[in-house]
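Look at the sequence and the model below.

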Amino acid sequence: MAGLVELRNVTMDFETGFFGRRKRVRAVDNVTLTIGRGEIYGLVGESGSGKSTIGRVTLRIYKPTRGRVFFDGVDITDMRERELRKMRRRMQLIPQDPYSAINPAQTIGEAIAEPLVVHEKMSWREALEAAAKALEEVGLTPASDFIGRRPRELSGGQLQRAVIARSMILRPDYVVADEPTSNLDASIRASIVKLLLDFKERYGASMLFITHDIVLISLIANRIGVLYLGQLVEEGPAEEVVDKPLHPYTKALLTAIPLAGGRPDLEKVYLRGEIGDPSNPPSGCRLHPRCPFATEKCSREEPPLVEVGKGRFVRCWLYSKS
Ligand SMILES: Nc1ncnc2c1ncn2[C@@H]1O[C@H](COP(=O)(O)OP(=O)(O)OP(=O)(O)O)[C@@H](O)[C@H]1O
Ligand SMILES: [Mg+2]
């Protein structure tokens, strides 16, 4: 079964700074990944590792510097805005900050109804009726209490529900959920995740779920990709990556969490210092300055991403010979 979304050897550079002080940041470095139909792909990594950039490249909000982007078998890398617009109704982004997703001047009802007016040429009256139904579906009830409110008149959790209603109203085939709960209280995170999963189940969408939280992602994803400084360092079926992590970075992510009972089965891996500078990444293996297992070779040569089992990939000299 071919994937719904595919990145092939995608690199994304950003130019920052100005005049004599321009700097190139390689946010994503040669990433290849496939998101299967109906699958939840969990992308995990520290802040600055390139997660949001990958999400935006899959939606062709960003055009990659190198590499190809496929959606439903179609190469959309060089697609023009007009054609992309037709594709975009099948793809949605749920961003980290719900306040950035909705125009503050619109009412919640208008925000949810708008995609139906734009893409389905519905009348506003019909679209607002559909929006009221959608509000009920995401638990903002009675809808009449919410439909006329402005975004700032909702709590963060309520607004994220409204953003989800808007994202789902066109029944997308693919949704990027970019840390959809990171700005919310722990107490309401679980209900938002559940809402997303319910939608995914009901409409069979594929999802890229982006998070710092490897435990959360292990509970919901089918497959996990672990990102470090723009590179995939480990990828595989979720339960395998979490039960038997291979890469020292994945082990560090898993053993750094004070879980009830911890992970006595795993040797604790402590990393030194902080994530490096993506505009000037370390030589060799990018983790080597922080890695307790690093050898001289690790500082010199970049390890390749190698397949060590079916669909199981790791980028580390501990697992590859040449
Ligand atoms: N539009 C941009 N212009 C310049 N640099 C950017 C841009 N977007 C991202 N970057 C840089 O690319 C790198 C990766 O950023 P990205 O936002 O993808 O990381 P992330 O993994 O989503 O981080 P976080 O967990 O904090 O959201 C960072 O160094 C960031 O500063
Ligand atoms: Mg991000």
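A residue is counted as near a molecule if its C-beta atom, placed from the backbone, lies within 6 Å of it. The model is a predicted one. Around ligand 1 there are 13 residues, and the closest are Phe14, Ala27, Ser47, Ser52 and Thr53.

Which elements of the chain supply this shell? At least two residues each come from β1 (5–16), β2 (23–35) and α1 (51–58). The largest share belongs to α1, with three residues. Sorted by class, the shell around ligand 1 contains eight polar residues, four nonpolar ones and one charged one.

Now turn to the sheet. Eight strands make up an open sheet with mixed pairing, and their order across it is β6-β7-β8-β3-β9-β10-β12-β11. At the edges lie β6 (91–94) and β11 (306–309), each of which pairs on one side only. From one strand to the next, the twist averages 20°.

Strand β10 (residues 231–237) and strand β12 (residues 312–314) are joined by two bridges and run in the antiparallel sense. Here glutamate 234 faces valine 314, which belongs to β12.

A helix also packs on the sheet: α10 (residues 248–255) touches β3 (40–44), β9 (223–228) and β10.

Key: Residues numbered from 1 in each chain as written. Chains lettered and ligands numbered in written order. Predicted model: local features only at pLDDT ≥ 70, side-chain atom pairs only at ≥ 80, totals over all residues. Helix = DSSP H or I, 4+ residues; strand = E, 2+ residues; numbered from the N terminus. Nonpolar A, V, L, I, M, F, W, Y, C, P; charged D, E, K, R; others polar. Pairing = 2+ DSSP bridges. Axes fitted to C-alpha atoms, helices over the stretch in contact; angles between N-to-C directions. Contact = placed C-beta atoms within 7 Å.
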